[in-house]
Amino acid sequence: MIQNIIDFVGKTKSNLRLRTLCSAITREDKDSFDLLLSDPELKEVLVSESALLLGIAVTEVSDIYYLKKLLTIGLDPNRPDNMGLYPIHKATETGNIEAVEVLLNSAANPNAADPSGVTALHIANSFDGLGEISDLLIRMGANVYQRDKLGKRYLM
């Protein structure tokens, strides 16, 4: 019983720190962000929340400092969120070529597919103005022949 209480308090404390870290990213507060990242007890929680944190870093801020720091401490760019979307999907959809490049250079899978079989290349080829990202994905190994679950390739 006491262990359950200790676990609950620990989890609540970690969740509060995680929310504070997310807030620091969206406010672009580097001092608070760096201070929270220095907490060794928080690292395990951060790694388990890779998709959430990397998703915020690629969609909510333009400064890739946050993305680079999160990847440096070991967050996994190949972990999907609860909707099956990968950070590379989100970075592509927002047109953040710098973030796409950082993710790819950090071993993000250019062929990662969401539950519908859609890849970052499919997204890049579906929207105007993402040709540069499409070219980058292809240079970094995206499969131009990969189809989604409906059999579409999205090539223009």
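Modeller: Start with burial. Buried means under 20% relative accessible area, exposed means over 50%, and partly exposed is in between, with a 1.4 Å probe and protein chains only. This is a predicted model: local features need pLDDT of at least 70, side-chain atom pairs count only at pLDDT 80 or more, and totals for chains, interfaces and linings use all residues. Residues are numbered from 1 along each chain as its sequence is written, and side-chain values use heavy atoms, with hydrogens and water left out.

Biologist: Does Glu41 count as buried or exposed?

Modeller: Glu41 counts as exposed, because its relative accessibility is 57%. Arg17 has 17%, so Arg17 counts as buried.

Biologist: How do I read a salt bridge?

Modeller: Side chains of opposite charge can pair when their charged atoms come close. The cut-off here: a side-chain nitrogen of Lys or Arg within 4 Å of a carboxyl oxygen of Asp or Glu. The structure holds six salt bridges.

Biologist: Which residues are linked with Arg17 in a network of salt bridges?

Modeller: Asp39 and Glu41 are linked with Arg17 in that network. Take Arg17 and Asp39 to begin with: their side chains meet at 2.7 Å, N to O. Arg17 lies in helix α1 (residues 2–26) and Asp39 in the loop between α2 (30–37) and α3 (43–48), so the pair ties together parts 22 residues apart in sequence. Helices are DSSP runs (H or I, at least four residues), as strands are (E, at least two), numbered from the N terminus. Both Arg17 and Asp39 are buried.

Biologist: And the Glu41 contact?

Modeller: Arg17 and Glu41 form a salt bridge at 3.8 Å, N to O. This pair links distant parts of the chain, 24 residues apart.

Biologist: Why is helix α4 largely enclosed by the rest of the structure?

Modeller: Eight of its ten residues (the helix spans 50–59) are buried, so α4 is largely enclosed. Among the buried ones are Leu53, Leu54, Ile56 and Val58.

Biologist: Where does UniProt place the feature "repeat: ANK"?

Modeller: The unreviewed entry places it at residues 83–115 and 116–149. UniProt positions follow the numbering used here, feature names are shortened, and annotations may be inferred rather than shown by experiment. Residues 83–115 are 48% helix and 0% strand, with end C-alpha atoms 8 Å apart. Residues 116–149 are 41% helix and 0% strand, with end C-alpha atoms 6 Å apart.
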